[in-house]
Amino acid sequence: MFALRSTTAASVRSVSISRAAGNSRWHPTLPIFAAVIHTTVLQQRLLWQNPFPLGLGVFFLRRGSIWFAINAASKLAPALAALARFKSTSSSATSLKQRVEQLIPEKNAEVKEVKQKYGDRVLGETTVNMAYGGMRGIKGMIWDTSLLDADEGIRFRGLSIPEVQQQLPKPKGATETTPEALFWLLLTGEIPTAAQAQSITDELNSRASLPQFVIDLIDRCPSTLHPMSQLSLAVNALQHDSQFAKAYHAGINRKDYWDPVFEDSLDLLAKLPLVASRIYRNVFKDGKHGSVDASVDYSQNFANLLGFAENAEFADLMRLYLVIHSDHEGGNVSAHTTHLVGSALSDPYLSFAAGLNGLAGPLHGLANQEVLRWIIKMQEEIGTDTPTEDQIREYCWATLNSGRVVPGYGHAVLRKTDPRYMAQREFAQKNLPEDNLFKTVSALYKVVPGVLTEHGKTKNPWPNVDAHSGVLLRHYGLVEQDFYTVLFGVSRAFGVLSQLIWDRALGFSIERPKSLTTESIRAMFEKK
């Protein structure tokens, strides 16, 4: 699937030049070695802003050792293998759906091979503490769209957040890439061209409408009903038009399940900004609603519908927000819930609505609200919008000594600063460096890790994504904290629905782990 192409003349020329220059340690295998390296690199010239030089083979020879060349190649191999994944989309595919259809046989063959070769291998051990501790750390599910590394943070199909920001196409005039471009990457493992990303934008815009009964349902909700409850209610109601539910009832072949799931997923993604903005305008504003502009991208439309049409920076913030919150591998509550419910062949609407209900929990999607409230309360109690580092340090200790946590710091998996935090920090440094709330967040970044390390009860004293997002939203005027999790939900749809499509394409089984009782655990070990 990701095979290297044939040797290029440029590759051989670079090695030949080195030989002609009189290198005393010439080896006949070096032209082949260099050609392979060049072939991989040349495939990626459009992928990297600063591609490796064409004289890479000369670099190895100048070191004067065949051993050095081979040793260096062995270290480069993982990176080059990763690069090889991000090839151009097949020229025969004219749409994302066609490209996914092309990839399904290859991916099925890959999964079959992995199961045949390694099906009986042990992924890791499970301890009693894991069973009682929310199954944290247990390796027991497949989630191909993203992988979370404790040190590097999230990678979307192998790409870090900075790489995604750099390499995925951006709309004209924008400084951030789009969730549409990310959706292509998540589904195919390939970096889309600008035209391919635009095709997703056009597709979603063409599907962006709500049935009248869903509009009426949202409008009749009391303003006291939490926005997340309204969002879940509306998504469940949209299930009325599920293509998968209708196809399953008609007896569709299981090999074709992915097709209506794909259609449902795009329909749902297209409708979410209309649903979310309607809730926002009803609960917090004047109840007046806009319409989708077919000439702009998803995030700009979402910003327009919310009422921020005149603020280009806010549209860029929405692009950044929707991308970095989209996926965080499969073990978190919203992702796992969507996957679990989907494994019963519930359609994407029912599956995602279930995931939203998990996201609404205080321990998952509400964290960014808690961070913002804690910071504002700190400013109020200290009596200034710009507290000093000493004042912040004292307030943090007061929080910890009262039995509470400093919100926004620490993560179940990460052991360093969350790259999603850093992406938002860089956005703030560029666009709102003089904002007092941002200055306080920056001071917290300097102070809190040291306090938590001294406190000694936190494995990861570094900030996570929630330590920053609320501050950015507040700066641009979106101050209604109960709506923040709705934004999170719209973003998370891109990740969980991408994986849900592949769950059905690969024929994944219904999820059914084994549970135990406390008594059975006691008996298991005490009888020995």
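A: What follows goes through a helix, a sheet, some single residues and the salt bridges.

Q: What kind of model is this, and how are residues numbered?
A: This is a predicted model, where local features need pLDDT of at least 70, side-chain atom pairs count only at pLDDT 80 or more, and totals for chains, interfaces and linings use all residues. Residues are numbered from 1 along each chain as its sequence is written, and side-chain values use heavy atoms, with hydrogens and water left out.

Q: Let's take helix H14. How many of its residues are buried?
A: Eight of the nine residues in H14 (298-306) are buried, so the rest of the structure largely encloses this helix. Buried means under 20% relative accessible area, exposed means over 50%, and partly exposed lies in between (1.4 Å probe, protein chains only). Helices here are DSSP runs of H or I with at least four residues, strands are runs of E with at least two, and both are numbered from the N terminus.

Q: Which residues of H14 are the buried ones?
A: They are Tyr-298, Ser-299, Gln-300, Asn-301, Phe-302, Ala-303, Leu-305 and Leu-306.

Q: And what covers them?
A: The cover includes helices H8 (179-188), H9 (194-206), H13 (258-284), H15 (312-324) and H23 (484-505).

Q: What happens at the start of H14?
A: There, a side-chain oxygen of Asp-297 comes to within 3.3 Å of the backbone nitrogen of Ser-299.

Q: What follows H14?
A: Gly-307 does, and its phi is positive, near 110°.

Q: New topic. What is the strand order in the three-stranded sheet?
A: The order is S1-S2-S3, in an open sheet with antiparallel pairing. Strands S1 (146-149) and S3 (159-160) are the edges, as each pairs on one side only. Two strands pair if DSSP finds at least two bridges between them.

Q: How many bridges join S1 to S2?
A: Four, and the two strands run antiparallel. Leu-147 stands opposite Arg-155 in S2. S1 and S2 make a hairpin with three residues between them.

Q: And how many join S2 to S3?
A: Two bridges join S2 (153-156) to S3, again antiparallel. Phe-156 has Leu-159 in S3 as its bridge partner. The partner of Arg-155 in S3 is Ser-160.

Q: What sits in the turn between S2 and S3?
A: This hairpin has two residues between its strands, and Arg-157 in the turn has a positive phi of about 50°. Arg-157 is not a glycine. At 9% relative accessibility, Arg-157 is buried.

Q: Where is Met-135, and what is its phi?
A: Met-135 lies in the loop between helix H6 (128-132) and S1. Its phi is positive, about 60°, although Met-135 is not a glycine. Met-135 is partly exposed, at 46% relative accessible area.

Q: Is His-325 buried or exposed?
A: Buried, at 0% relative accessibility. His-325 sits in the loop between H15 and helix H16 (333-343).

Q: What does His-325 touch?
A: Leaving out residues up to four places away in sequence, His-325 touches Gln-424, Val-465, Ser-469, Phe-488, Ser-491 and Arg-492. Contact means heavy atoms within 4.5 Å.

Q: Now charges. How many salt bridges are there?
A: The count comes to 23 salt bridges. A salt bridge is a side-chain nitrogen of Lys or Arg within 4 Å of a carboxyl oxygen of Asp or Glu.

Q: Which residue meets Arg-155 in a salt bridge?
A: Glu-163 does, at 3.2 Å from N to O. Arg-155 is partly exposed, at 23% relative accessible area, while Glu-163 is buried at 19%.

Q: Where do Arg-319 and Asp-316 lie?
A: Both are in helix H15, three residues apart, about one turn of the helix. Arg-319 and Asp-316 are both buried.

Q: Why does that spacing work?
A: An α-helix has 3.6 residues a turn, so residues three or four places apart point the same way.

Q: What about Glu-389 and Lys-446?
A: Their side chains meet in a salt bridge of 3.9 Å, N to O. Glu-389 lies in helix H19 (389-401) and Lys-446 in helix H21 (436-455), so the pair ties together parts 57 residues apart in sequence. Glu-389 is partly exposed at 35% relative accessibility, and Lys-446 is exposed at 61%.

Terms used. A polar contact is a pair of N or O atoms within 3.5 Å; within protein, one must be able to donate a hydrogen and the other to accept it, and residues adjacent in sequence count only if both atoms are side-chain atoms.
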